[in-house]
Amino acid sequence: MKKRIKKAFTLVELLVVIAILAILATVSIVGYNSFTKKAKVSNDTALVSQLNTLLKADEMVNGKANTPADAVVYGEKNADEYKNWKFVSTDEYNDNANYSQYLKGTSFTNDLTIKAGIDVGRNTGISSITYTNTTNPQDVRIATNGNTSLEINGYVDSTNSNEGDVIEHYGSAGNVNVVSCAMESYHVFANIAGTINLQKGHIEIENTGKVGSINVTATSSSNIAISNTKGGNLGFVKSENTGILNSNNVKVTDKTGVMTDENKDAVAYSETKGFLKSWHSTLFDGETTLLKDLTNKNYYINVNSNVKAVFNLNGHDFATYNGSNKINGSLTFKDTKNKGKFYSKGGSNGTIIEVKGEKSQFIMESGSIEALDSSGDYVNKGLFGIGIWEGATIVMNGSQIKVGWYCIAGNGQDIAKTSTIIINGGKLISVSDYALYLPHNGITIINGGVVDGAAGAISLNRGSLTINGGSFSSDGTGDVGTWGGWNWS
């Protein structure tokens with residue numbers, strides 16, 4: 001018998017088949033890409049056609065749009081619902097609008113009242129926004145900017161307090177007052193530099209949210225809930241009434257301090273040490289926030305080297321003594337409620353705050369510093385403001401320093417080290433002397449703010465002075481006094 005010989009494809013045949021398959025694949029891919037591209041173009045053409053139709057219909061009712069912003073509206077422009085957004089100028093803004101509004105430009109400065117959502121855009125000059133809804137539940141988005149304060153009077157179902165408005169807050173704000181909202185309502189995605197006052201409702205700190213503190217004013221524990229479990233940042237929670245805060249209505253991480261009935265009399269809260277029942281003159285790393293006025297005697301603050309501290313007046317007054325506040329590390333000074341005062345009640349001829357050393361710095365973000373004598377007078381035995389020595393740095397970004405003699409002065413006759421003074425904003429007011437006294441071998445840069453001295457705005461003895469902006473004035477009524485046998489008048 002003859003054996004059958006099994007035949008196989010030759011190498012040439014295999015190469016031919018592979019080549020044919022490659023050609024077919026290429027043709028298929030090109031065809032598919034062409035098909036999908038045509039489909040996308042078709043969809044885009046249809047969308048543009050629909051938009052043109054809508055714009056033509058809108059033009060017949062409202063006139064031709066002057067700018068793209070006038071034409072672009074999320075939702076139906078004429079629909080009177082919170083879901084729809086309209087771009088508005090100062091002339092077009094409506095307090096009673098039931099639709100949400102996006103504020104164009106940067107010229108909005110008035111206090112606003114709203115019934116639906118709002119986005120302030122690039123407007124930073126709005127002092128306050130009040131949201132009020134008493135009719136039907138709605139999902140509202142509010143975006144604020146700068147240091148704007150926000151008040152929330154949200155809708156709450158009369159038969160079920162869990163039902164009502166759902167409010168999402170974005171951007172940044174100074175302080176927030178929650179008068180009422182549902183128990184699943186106020187969601188904080190924003191950076192709230194100051195305090196949220198909570199009277200009734202639920203606050204949820206979302207993952208991007210950052211809140212300095214929450215102050216609960218409710219009289220019943222069942223009326224409030226606070227949550228910070230999604231990765232947000234919350235400094236501390238306190239209540240004005242006892243028996244309100246508990247583990248059922250406050251769910252936060254270990255990083256958030258919660259006031260208990262035991263520490264309800266705390267005078268301050270420290271991010272490092274928690275609630276302080278008595279004042280600690282030496283500040284720790286992180287922020288220390290006043291919870292009460294400290295004015296019954298003279299208190300003071302010290303910052304040691306290598307410490308980065310933040311001191312927040314939080315709307316309270318702090319009485320001190322000239323010559324007793326020493327900054328050898330880094331201190332950021334602020335007042336998130338912008339109504340407190342750090343002031344002297346007398347003392348030596350020293351400064352109310354001394355910043356000393358090449359690694360030392362004092363940054364003033366907000367708040368008021370006043371140097372008076374024991375009689376409460378700026379002029380008689382007038383006291384000094386902030387002194388800078390031995391290569392230290394002072395940066396002023398806002399609020400006010402008001403004193404009898406100079407507001408800020410360099411390091412005297414010490415010319416061995418270079419100190420730095422930077423004024424970006426705020427007010428420097430001397431009622432008797434120069435506001436800025438610069439005898440130091442240092443650098444002074446003024447980018448903005450108000451510099452007002454009775455004897456003159458600035459006295460420059462050495463070093464360099466660069467002025468990029470700001471306002472400067474002199475009353476011509478000052479008496480700079482006689483110091484160490486030298487008459488500076």
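Lys230 is partly exposed in this predicted model, with a relative accessible area of 44%. Its salt-bridge partner, Glu204, counts as buried, at 9% relative accessibility.

**Lys230 and Glu204**

- The side chains of Lys230 and Glu204 meet in a salt bridge, with a distance of 3.9 Å from N to O.
- Lys230 sits in the loop between β14 (224-228) and β15, while Glu204 belongs to strand β12 (residues 201-205).
- The two residues are 26 residues apart, and the pair links distant parts of the chain.
- Why does Lys230 count as partly exposed? Its relative accessible area is 44%, and the partly exposed class lies between the buried cut-off of under 20% and the exposed cut-off of over 50%.
- Glu204 counts as buried because its relative accessibility is 9%, and buried means under 20%.
- Which residues join in a network of salt bridges here? Glu204, Glu206 and Lys230 are linked in one.

**Other salt bridges**

- How many salt bridges does the structure hold? There are 9.
- One of them joins the side chains of Arg141 and Glu168, at 3.3 Å from N to O.
- Arg141 lies in strand β6 (residues 139-144) and Glu168 in strand β8 (residues 166-173), so to speak two distant parts of the chain, 27 residues apart.
- Glu287 and Lys334 form another salt bridge, and their closest N and O atoms are 3.2 Å apart.- This pair also links distant parts of the chain: Glu287 is in strand β20 and Lys334 is in strand β25 (residues 330-334), 47 residues apart.
- Are Glu287 and Lys334 buried or exposed? Both are buried.

**The largest pocket**

- The largest pocket has a volume of about 580 Å³.
- Its lining is made up of 27 residues, and the closest to the pocket centre are Ala193, Gly194, Glu287, Lys334 and Thr336.
- Which elements give two or more residues to the lining? They are β11 (191-198), β13 (210-216), β15 (233-239), β20 (286-290) and β22 (308-312).
- Strand β11 provides the largest share of the lining, with 5 residues.
- By residue type, the lining divides into 6 nonpolar, 15 polar and 6 charged residues.

Technical notes: Residues are numbered from 1 along each chain as its sequence is written. This is a predicted model: local features need pLDDT of at least 70, side-chain atom pairs count only at pLDDT 80 or more; totals for chains, interfaces and linings use all residues. Side-chain values use heavy atoms; hydrogens and water are left out. On a 1 Å grid over the protein atoms alone, a cavity is a set of points where a 1.4 Å probe fits but cannot get out, and a pocket is an open set with protein on both sides within 12 Å along at least five of seven lines; lining residues have an atom within 4 Å of a point. Grid points are joined across faces, edges and corners, and a volume is the space filled by probe spheres set on the points. Helices (H or I, at least four residues) and strands (E, at least two) are DSSP runs, numbered from the N terminus. Ala, Val, Leu, Ile, Met, Phe, Trp, Tyr, Cys and Pro count as nonpolar, Asp, Glu, Lys and Arg as charged, and the others, Gly among them, as polar. A salt bridge is a side-chain nitrogen of Lys or Arg within 4 Å of a carboxyl oxygen of Asp or Glu. Buried means under 20% relative accessible area, exposed over 50%, partly exposed in between (1.4 Å probe, protein chains only).
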